[in-house]
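Hi,

Here is the structure I promised to send over. Have a look at it first, and then read my notes below.

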Amino acid sequence: MSVTLEESWAEVREGVRKLCARFAGEYWRGHDRERSYPTEFVKALSEAGYLSVLIPEEYGGAGLGLSAATAILEEIHRSGGNGGACHAQMYTMGTLLHHGSAAQKAKYLPKVASGELRLQAFGVTEPTAGTDTTRISTFARREGDHYVVSGQKIWISRAEHSDLMVLLCRTTPRDQAAKPTQGMSVLLVDMREAVGNGLTIRPIRTMLNHATTELFFDDVSVPAENLIGVEGEGFRYILDGMNAERILIASECIGDGKFFIDRASEYAKSRQVFGRPIGQNQAVQFPIARAHVQITAASLMVDRAAALFEAGMPCGSEANMCKLLASEASWFAGDTCVQVHGGFGFAEEFDIERKFRETRLYQVAPISTNLILSHVGTHVLGMPKSF
């Protein structure tokens, strides 16, 4: 199936490519330069239905599987764009879809599908917890028909551009929970009501335009009816979204890698030095070929993980491995592309340096390479845990 997966979504891919052609390099360079949000692009994706492909038809979406979503994000990145502005809507929605009540789904999913509401923010990481999610300290105490939230989150992308946020917080202190993974709950926070009423958003300027922020909760009131699922079981709900996130991020890396390979191979064929194309030299040709091999192999792993996810089978290891392979392959392809272009690889107008910065993120987020290796070493190979 994975061999023909790209062909099976040919119509979707072509539609995405046509849409992305309306948002060429200058569009992305402008937003990168100003560190601004690509509102027009996100709106166009929403109106075309690409951000709602995973939402069931009964709620206004396309009702397709994760492989369709990976095709969409791959093509956005191969076209020179950046799905990071909106990809969270695909995987954060899953927490609501799979664990929310019938009333919650009926209230929010149709508006998310239509683009009326943006569900872009995923509030998990904290300054003192990092990837050790069980040590988060943001706390929601129940007071009547509301939860009152206090704490801090960091590296929360798109918080300034989202109407809703899926928030993981403690409702039972860690030392009072039966297990470290228990006592955490998921709340659906209406950002429109929370900002200015206890929630403060502080932007963090980084090496790429990723709309990253730090959040401060000072007795933010959230209706108890916005609790997703069962109180205290939120960690399990979040894990589902994390697997989807890693697979989707991996597909973006595949798109980045193909962007770099496309640019490098075309330049190597056309650039003349010493009377012949530089691609005739093995020192130029072989790294591009190796990048293609690595991206092709990583792409098959993405297909495998997506197929397992769609089948409802365990896919945590595959999601981690495809993300590792794809992020490293895209980085190698990016480095090769810069080297092939020489000084032009550093020129803003070529878009390579921008994509080079963007693709570097994915060896760190949403999970670092070393933690993936730790997962494989302990959970797949059965070696003793190092921490």
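Thr70 sits in helix α5. Helices here are DSSP runs of H or I with at least four residues, strands are runs of E with at least two, and both are numbered from the N terminus. Setting aside neighbours within four places in sequence, Thr70 is in contact with Ile247, Leu248, Ser251 and Val302, where contact means heavy atoms within 4.5 Å.

Before going on, some ground rules. This is a predicted model, so local features need pLDDT of at least 70 and side-chain atom pairs count only at pLDDT 80 or more, while totals for chains, interfaces and linings use all residues. Residues are numbered from 1 along each chain as its sequence is written, and side-chain values use heavy atoms, with hydrogens and water left out.

Now the whole protein. You'll find 13 helices and 10 strands in it. A compact globule of 387 residues would have a radius of gyration near 21 Å, and the protein agrees with that at 21 Å (taken over C-alpha atoms; the globule rule is 2.2 Å times the number of residues to the power 0.38). Buried residues make up 54% of the 387.

Next, take a look at helix α12, residues 352-360. Here 7 of the 9 residues are buried, so the helix is largely enclosed by the rest of the structure. Among the buried ones are Arg354, Lys355 and Glu358. The buried residues of α12 pack against α3 (25-34), α5 (66-78), α9 (234-270) and α11 (316-341).

Finally, the aromatic rings. A search of the whole structure turns up 8 aromatic pairs. Rings of Phe, Tyr and Trp (its six-membered ring) pair if their centres lie within 6.5 Å; planes under 30 degrees apart count as stacked, over 60 as edge-to-face, and the rest as tilted. Phe259 and Phe260 make an edge-to-face pair, 5.6 Å centre to centre with 75° between the planes. Phe259 is buried at 2% relative accessible area, and Phe260 is buried too, at 0%. Trp331 and Phe356 are stacked, because their ring centres are 4.5 Å apart and their planes are at 25°. That pair links distant parts of the chain, with Trp331 in α11 and Phe356 in α12, 25 residues apart.

Cheers

How values were computed. Buried means under 20% relative accessible area, exposed over 50%, partly exposed in between (1.4 Å probe, protein chains only).
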